[in-house]
Amino acid sequence: MAAGQHGPPDNLALNADSSNDPACTALLNALPGKVSLPANEGYGASLKSYFSVQEAEIAPYCVVSPQNETDVSTAIKILAAPGSTTKFAIRGGGHTVWKGSANIEDGVTIDMRAINTVSVSEDKTSTSVGAGALWKDVYTVLDAMGLATVGGRAAQVGVGGLTTGGGLSYFSARFGFVCDNVLSFDIVLADGTLVSANANSNPDLWVALRGGSNNFGVVTRFQLRTFPQVPFYGGQVFYQIETAAQQIDAFTKFAGAEDFDENASLITSFSFTDIGGAIQNSLKYTSAALNTKPEVFQPFLEIGSQLGQTMRVSNVTDFTTEQGAFSPDGFRNSRPFLDRVYTLWNLTIPTITPVAGIQWALSIQPIPAAITNRSASLGGNSLGLDPRDAPLINCLLTATWNDIKDDQLTQDTAVRLFDEIEKEAQSQNKPSLYHPYKYLNYADGTQDVISGYGNNNVNRLRKVSRKYDPRGVFQRQVPGGFKLFTLEELGRGAPVGSE
């Protein structure tokens, strides 16, 4: 739904009182030099590293910075000890924007950023990546070796959250979701044990982690499928807002093509700032042929009234550094409906125009069958997407602004916009346009992501949770993210592990 951020996190009010918190005391004793209290420099540095101010403003009792998987295990054994009610959060790159997603008030935050090593296998077919790494850390290594992996499209995004949430990539039409390309996860479970989850060991957990997010434990390392990749053609093209009708027409034909070009990746964004509106197309063509004029992009490149463009041949590190960050809902491809979505977004402009420093962008991107039909052959995932439903369109809203006083206005406006879009898609004369899937990595905390995976997948995820986390530690004590059980279910008092 809506990505929200206001102002830079320069001055943080650190009001947490950890002096009497038994969990922080135990962590300080067990992990000397790896636990920061509010008075410590490392504590403030951790908070300031979040992407959104909403997350940076939260003050945990203490921040744990594990250096390896043994440290993670030690921390979990303390935090999840029988009888413990300490709430805790798990953060990787810290790019999720909504408050409480990966930080916690009156609890403990586990900051995974130090576990960030990247190593390529001797045969160059896989890459081992620490859960605290950013995608730029991965691409810097792989680009230098003429390799790539199916990873995030923004360099500053963390590997951990994006991968366990599903993950879309420039390479997804060729190889599937990011999660489909995880060969193995290393994960610390609620009892502190470290296990691997892959096709041969704990395969049910392996599939659950492919979209199931932080519901099963703390992932410490990913083994990602790797492939040869040369520099390719791509960049951004900017247009006047008056070309909206032409853009929607070109987008609809691109997304609905029966012979979808699997080398092509597209995100179309309609944006408004305090200096006016514009349209941006992010175009990437990953073929090794170095085709600088791919036919599939000609309808976009031929649209007039261009304000500028950055099209070039370059590598993944460069393109992902340039790429912005986006947020979603799902529906099927339809030219008239996309016209209506644009109109609904445009109607919000008068409401948010007074907001200082506003940047208000609606982005649409296709999820063709070329992406969703890869999963089964790669072991499956938990997203619940049927290739027969394709092409789907992810509709995303990104908003940034300067002042905390405008938080409620922008959030309320975003919620209303997506409510109206969903109602439009579900209306009686368009019964086939709505799809319940919501892309977890861009979703807002107010949205119900997990149910969109479908009843079969939800039941399977719950079964895996009961098996590997029978006391429900990652349901009860880790409130951030999108949970498998509702607060009402948890409030009944019975252990999550009971049927």
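## Exercises on cavities, cysteines and helices

About 120 Å³ of space lies in the largest cavity. This is a predicted model, so local features need pLDDT of at least 70 and side-chain atom pairs count only at pLDDT 80 or more, while totals for chains, interfaces and linings use all residues. Residues are numbered from 1 along each chain as its sequence is written, and side-chain values use heavy atoms, with hydrogens and water left out.

**Exercise 1.** Work out what lines the largest cavity.

*Solution.* Start with the term: on a 1 Å grid over the protein atoms alone, a cavity is a set of points where a 1.4 Å probe fits but cannot get out, and lining residues have an atom within 4 Å of a point. Volume is the space filled by probe spheres set on the points, which are joined across faces, edges and corners.

- Step 1: the structure has 1 cavity of 30 Å³ or more.
- Step 2: 15 residues line the largest cavity, and Ser-169, Ser-265, Leu-266, Pro-366 and Ile-371 are the closest to its centre.
- Step 3: helix H7 (172–175) and strands E13 (264–273) and E18 (359–367) each put at least two residues into that lining. Helices (H or I, at least four residues) and strands (E, at least two) are DSSP runs, numbered from the N terminus.
- Step 4: E13 gives the largest share, 3 residues.
- Step 5: sort by class and you get 10 nonpolar, 4 polar and 1 charged residues. Here Ala, Val, Leu, Ile, Met, Phe, Trp, Tyr, Cys and Pro count as nonpolar, Asp, Glu, Lys and Arg as charged, and the others, Gly among them, as polar.

**Exercise 2.** Do the lining exercise again for the second largest pocket.

*Solution.* A pocket is an open set of grid points with protein on both sides within 12 Å along at least five of seven lines.

- Step 1: the second largest pocket holds about 420 Å³ of space.
- Step 2: its lining has 23 residues, with Phe-482, Lys-483, Leu-484, Phe-485 and Thr-486 nearest the centre.
- Step 3: helices H16 (455–468), H17 (473–476) and H18 (487–491) give two or more residues each, and H18 has the largest share with 3 residues.
- Step 4: the class tally is 10 nonpolar, 7 polar and 6 charged.

**Exercise 3.** Find the disulfide and describe the link.

*Solution.* Look for cysteine sulfur atoms within 2.5 Å of each other.

- Step 1: the angle about the S-S bond is -95°, which makes the link left-handed.
- Step 2: both Cys-24 and Cys-62 are buried. Buried means under 20% relative accessible area, exposed over 50% and partly exposed in between (1.4 Å probe, protein chains only).

**Exercise 4.** Why does Thr-163 count as buried, and what does Thr-163 touch?

- Step 1: Thr-163 sits in helix H6 (residues 159–164).
- Step 2: Thr-163 counts as buried because its relative accessibility is 0%.
- Step 3: the Thr-163 side chain reaches the backbone oxygen of Val-159 at 2.7 Å.
- Step 4: skip neighbours within four places in sequence, and Thr-163 is in contact (heavy atoms within 4.5 Å) with Trp-135, Val-178, Cys-179, Val-182, Leu-209 and Phe-222.
- Step 5: one of these partners, Cys-179, is likewise buried because its relative accessibility is 0%.

Definitions and conventions: A polar contact is a pair of N or O atoms within 3.5 Å; within protein, one must be able to donate a hydrogen and the other to accept it, and residues adjacent in sequence count only if both atoms are side-chain atoms.
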